[in-house]
Amino acid sequence: MAQRATMAAPPIVIERRAWSRRVQDRLATHALTTPALALLLVFFLVPIYYVVRYSIGLERFAQNEAAASLTGELPGFSMELWREFLDPGLDLEVFGRTSVHMPAWVFGVVFVALVVGAVFGPRLSERFGGWIRAASFLLLLAPFLTIPAGNNLLRVAELSSEGDFLRLFFRSVTMATTSAVWAVIIAFPIAYFLAFGIKKSKYIWLLVVIAPFLTSYLLRIFAWKIILGDQGLFNSALFELGLRDPDNPLSFLIYSQFTVILVLLYAWVPFIILPIFIALETVDRRLLEAATDMGASRLQALRKITLPIAAPGIVAAFLFVFIPSIGEYVTPSLVGGNGGYMFGQAIASQFVGGALNWQTGSVLSIFLLGVVLFLALSTSRFLRAGGGATT
Amino acid sequence: MSRGSTDVFMSRNGKRMLVLFFAGFLVFLYLPTILLIIFSFNASTVIAFPLSGFTTAFYEAAWQNTEIKGSLIASLKVAAGTAVVATVLAVLVSYALARRSLRFKAAVSALLLLPLVVPTVVLGVSLLVLFRPSDPIVPIPLGLWAVLIGHVVIALPFCVLLLLPRVASIDNRLEEAAHDLGASGLTTFRRVVLPLILPALLASLMVAFVISIDEVVVASFLVQDQTTYPVYLYSGLRLSGQTSLLMPVATVMIVASTILILAAALISRYGERRAGLAR
């Protein structure tokens, strides 16, 4: 008996130890992850859940509550505000003249189809994949690129009334697209020069170029106000020269769409040089040597070799500017004026500003959040490529 | 490279153009800030050339201004709090993600990174809804604590992105060896893991601090009587054309953040060298 017990005892002890160690491990894992996850649950997911509730009438803004109780209206599920927001639809202008009316859902379907085509094109069809991708990209960008010369081939018609939030949203998209495209156009040569043109202390120059991004965003807007403001450098130079009356400064310099686009691109260019630079660094110079040996010009080599290799970095760079710019709020409210009013400001004014209607504001917030999440998820491949590069 | 080889990336003229473009870009990038610094010392409230003389009067006036001082102190407190809380949370969760078998690992890391793509306006209004003054969902009053919470949510993904690769790169055997030699989990963490991630930890603290001290959108929805400095600057820029008092503080902050960036660059370089030694 006693002998058997001593023989049997060790395995049990070991097992118990292993078991308790597993429990300890699991407890420790929970102890490690719970704080961060709880924080995000309570202060990130729950708030967004409540905004959704506001947007579908399950919660009411306190100030409306008094009025609601007077009329006997109780909070209840209603899509009324969503309908109000989406019903106006859009007018697409073709060649600056003919306008085509589009209900919001048609536009939504087309938009999703184009994003899918642009991201997964090559997977859809072996032969036409490249074409599908190119066409989708072009159709996605074209309506939203303001070309300085004026009439666009295709664009969403301008705002008709104050409360037309859907068109305001598309104006914000237009502004974000324009500044993102220009930011990429400026960042690419800089990244190219840093990657291939500088031999010595490349990384110090990279730091010099990126450093401004790390200083305060507000202060960089502030600096532009000093140059472009009503009492700013540019205007006071005009006053000095007698070209302009001090009571009548050139105010489009500071309060306009142009300034918002300029400041946004100024703010983001330093940042997106990095993903493009890193993508360019992966280009094997032997490929280019082979190409030139076989008689390709430098331009051909750039187009056929360098650009395709750098493409994911370029797309990531575009998205890094575009995604935060759609919901931009600070820049347009400091330098936008009426012409540069953006969707993010409309949201803010529903919550703390003049309009003050939390329910409408919630509809706008959830719409913006949905669009941004859809874009981020469908392009996560590029974002991860660029994001992995930046960290 | 042999002497006769030509540059396959750019012709000589192309290179000249790129140099010019690069120089122009640097001017475009730095000129606004340099002008801001110059005019903070200008002895006139009118921003125009020629400069009317050197003065530090605005610096003194800004230093005397209690509103500016109060908002700066509030910002420093919130930023310090954000840095510590976000970094501690990020260290814990990175350690779990890198070391432990975790169910729903993909979902957890997606959730951790999600605040990166959510527009800050949406984040701000949703926190305002959460702390709404009448019948709050979570009974925390609006004010600096609320701002701190918002900033931790914003900074957390950045801290995780900084810390996770570093934690994951630590050789598992180091910890096993410590364990076999009888060190407890806590001792292992303190004596083995912590020294190895120290550079990333400092970088995380710094990044969270910088994010918080510059954050205006979420803060503008959540502040009450005591504003933070970015909110003060924001409303000052929005409401008044009078910027003389704002420029000195802006200059000080630009200089301070430049020093911080250089320090961070040096630290991360040191960290790389150290990681190289550890391997």
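Predicted model: local features only at pLDDT ≥ 70, side-chain atom pairs only at ≥ 80, totals over all residues.
Before the first helix pair, one definition: axes are lines fitted to C-alpha atoms, for helices over the stretch in contact, and angles run from 0 to 180 degrees between N-to-C directions. Keep that in mind.

Helix α7 (residues 202-214) of chain A packs on helix α10 (residues 257-281) of chain A. The angle is about 135°, and the axes are 7 Å apart. Angles over 145 would count as roughly antiparallel, and 65 to 115 as roughly perpendicular. So α7(A) is oblique to α10(A).

Who meets whom? From α7(A) come A:Leu206, A:Val209, A:Ile210, A:Pro212 and A:Phe213. From α10(A) come A:Pro270, A:Phe271, A:Ile273, A:Leu274 and A:Phe277. By class, the contact of α7(A) with α10(A) has 10 nonpolar residues, no polar and no charged.

Stay on helix α10 of chain A. A:Gln257 lies in it. Is A:Gln257 buried or exposed? The cut-off for buried is 20 or more other C-beta atoms within 10 Å. A:Gln257 has 23, so it is buried. Setting aside neighbours within four places in sequence, A:Gln257 is in contact with A:Met175, A:Gly339 and A:Gly340. Look also at A:Val335. A:Gln257 and A:Val335 are 78 residues apart in sequence, yet 8.4 Å apart in space, C-alpha to C-alpha.

Now chain A as a whole. The chain has 391 residues, and 37% of them count as buried. Its secondary structure comes to 16 helices and three strands. Take the contacts in chain A with a separation of 6 or more: 64% of them join residues 24 or more positions apart.

How confident is the predictor? Chain A averages a pLDDT of 80, and 84% of the residues score at least 70. Among the elements of chain A, helix α15 (residues 358-378) has the highest mean pLDDT, 92. The lowest, 57, belongs to helix α2 (residues 62-71) of chain A. Then there are residues 1-8 of chain A. There pLDDT stays under 50, and the model has zero contacts beyond four places in sequence.

Next, domains. The assignment for chain A gives domain 1 (2-55), domain 2 (88-157) and domain 3 (162-390). The centres of domain 1 of chain A and domain 3 of chain A, taken over C-alpha atoms, are separated by 44 Å. Their contact takes four residues from domain 1 of chain A and six residues from domain 3 of chain A. On the domain 1 side, three are nonpolar, one is polar and none is charged.

Last, the two chains together. The contact takes 76 residues from chain A and 70 residues from chain B. On the chain B side, which element gives the largest share? Helix α1 (residues 12-40) of chain B does, with 11 residues. By class, that side of chain B has 58 nonpolar, eight polar and four charged residues.

One helix pair spans the two chains here. Helix α8 (residues 217-228) of chain A and α1(B) have axes that come within 8 Å and cross at roughly 75°. That makes α8(A) roughly perpendicular to α1(B). From α8(A), the contact is made by A:Arg220, A:Phe222, A:Ala223, A:Trp224, A:Ile226 and A:Ile227. From α1(B), B:Pro32, B:Thr33, B:Leu35, B:Leu36 and B:Phe39 take part. The residues of this contact divide into nine nonpolar, one polar and one charged.

Notes. Residues numbered from 1 in each chain as written. Chains lettered and ligands numbered in written order. pLDDT = per-residue confidence, 0-100. Helix = DSSP H or I, 4+ residues; strand = E, 2+ residues; numbered from the N terminus. Contact = placed C-beta atoms within 7 Å. Domains from an automatic or database assignment. Nonpolar A, V, L, I, M, F, W, Y, C, P; charged D, E, K, R; others polar. Parallel < 35°, antiparallel > 145°, perpendicular 65-115°, else oblique. Buried ≥ 20, exposed ≤ 12 C-beta atoms within 10 Å, placed from the backbone.
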